[in-house]
Amino acid sequence: MQGKTQGKELKRGLEERHVTLMSLGAAIGVGLFLGSASAIKLAGPGILLAYGFSGMIMFFIMRALGEMAIQKPVAGSFSKYARDYLGPLAGYLTGWNYWFLWVVTCMAEITAVGIYMGYWYPDVPNWIWALSALVIMTTVNFLAVKAYGELEFWFALIKILAIVLMIAVGLLMIVFGIGNGGVATGIKNLWDNGGLLPNGFKGILLSLQMVMFAYLGIEMIGVTAGEVKNPEKSLARAIDSVFWRILIFYVGALFVIMSIYPWQEIGSQGSPFVLTFEKIGIPAAAGIINFVVLTAALSSCNSGIFSTGRMLFNLAEHGEAPKGYGQLTKGGVPGKAVLASAGALLVGVALNYIVPAKVFTWVTSIATFGAIWTWGIILLSQIKYRKTLKKGEEAKLKYKMPLFPLTSYVSLAFLALVVVLMAYNPDTRIAVVIGPLWFIGLIIAYYAKGFHKRSQGSAGTEQKLVK
């Protein structure tokens, strides 16, 4: 009965290349193109350590998710696993939390679209572009899942090619001096301006919120589990390759940028990506990169509407969201759930009238808090899942978490550290207030609506069936 509602199923129309590029596309967005500059200001060249170590933690989290997703590939993914292994309340909270975090993230993305379009059309109000982006991305999400996957594949490919090209151009400048009058820049900028850790370990720790925001979206692989062909092969390959590609894109791009420019200058003279292309002698660099970051924002918003629609579909299946959200279109898309998410995003369009610069930091930190809950739930579900296995079953797992249980507990401790640091930093502290308030509201609704009684009843029925 996985993924079924009213005799219909989500269609398995996603190929392995779609899944890989969708997860990369969701992760490579404003976090790298815009957020990296503020992270560099905090940590200096030491940001490479922050991205590298955080990337390793994300790899462990994805392996934990993969272990469950390959055994049980379902729509709703980690919300379903939380429900199965941690209880109905955990599943309910995780589903609604993931919906909320992507709605908040998409608000940031459509706001960014308005800013990027202002580069070419400065006289057109931002909210018009934000609304246009929302309408287009919602329409795209009504396409059959294979067509959606194809479009997202090309969206992500544009970003990836731009990053690879920038790394290649930068390396030519570092090694051969091309674009720098034949004088090789070398990599001395990494330690010439106050050393590798100019602000000490404190700078690295304070940068972790923005670093972790950059990784938000990798868990999209799990959301696609109910609609991917051959889950065992596709999900395993996608998870293993994503870690290395993210390391190359994030660490590689920032290594090149900080080798060419002193770290203190990055962000003060525009996008580091634009500066690199301009230095090599490409006059249209600003326009090209603006187009790339525009597709990055649209792609991330596209992924967000996809995720939120599937999460509402899963909640509706369990009676914890309106029934209509569990209905599928002829193309196998949860249409009403997609429209509900798009409706919530209209708040983001309205905010374009009043959003000052500070709100972008608030929005990203609230999204990071929501992501940390999701990643923590994935790890806790996997730990509990292992405990449900009998002796012989563990050896038969098709895709194992490496060095379990050490890696699961180390990853949980790291996520807890990031939350403590967010509470410590005045700019991100709002997330540690808004996040718990959101969960308190959800818990009140859970008991007020009587969902707890329904879940107890279904648990009792299941036990009778087992007997």
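In the predicted model, Pro405 is found in the loop between α17 (391-395) and α18. The peptide bond that joins Phe404 to Pro405 is cis, its omega lying near 5°. The loop between α17 and α18 also holds Leu403, a residue other than glycine whose phi is positive, near 55°. Leu403 has a relative accessibility of 62% and therefore counts as exposed, the cut-off being over 50%.

Helix α18 (residues 406-424) packs against helix α19 (residues 429-448), and their axes come within 5 Å and cross at roughly 115°. On the α18 side, the contact is formed by Val419, Met422, Ala423 and Tyr424, and on the α19 side by Arg429, Ala431 and Val432. Classified by residue type, this contact of α18 with α19 comprises six nonpolar residues, one charged residue and no polar residues.

Helix α18 also packs with helix α10 (residues 200-215), at an angle of about 105° and with the axes 9 Å apart. The two helices, α10 and α18, are therefore roughly perpendicular to each other. From α10, the residues Lys202, Leu205, Leu206, Leu208, Gln209 and Met212 meet Phe414, Leu415, Leu417, Val418, Leu421, Met422 and Tyr424 of α18. The contact of α10 with α18 contains eleven nonpolar residues, one polar residue and one charged residue. Met422 and Tyr424 of α18 take part in the contact with α10 and also in that with α19.

Terms used:
Residues are numbered from 1 along each chain as its sequence is written. This is a predicted model: local features need pLDDT of at least 70, side-chain atom pairs count only at pLDDT 80 or more; totals for chains, interfaces and linings use all residues. Side-chain values use heavy atoms; hydrogens and water are left out. Axes are lines fitted to C-alpha atoms, for helices over the stretch in contact, and angles run from 0 to 180 degrees between N-to-C directions. Helices (H or I, at least four residues) and strands (E, at least two) are DSSP runs, numbered from the N terminus. Contact means heavy atoms within 4.5 Å. Ala, Val, Leu, Ile, Met, Phe, Trp, Tyr, Cys and Pro count as nonpolar, Asp, Glu, Lys and Arg as charged, and the others, Gly among them, as polar. Angles under 35 degrees count as roughly parallel, over 145 as roughly antiparallel, 65 to 115 as roughly perpendicular and the rest as oblique. Buried means under 20% relative accessible area, exposed over 50%, partly exposed in between (1.4 Å probe, protein chains only).
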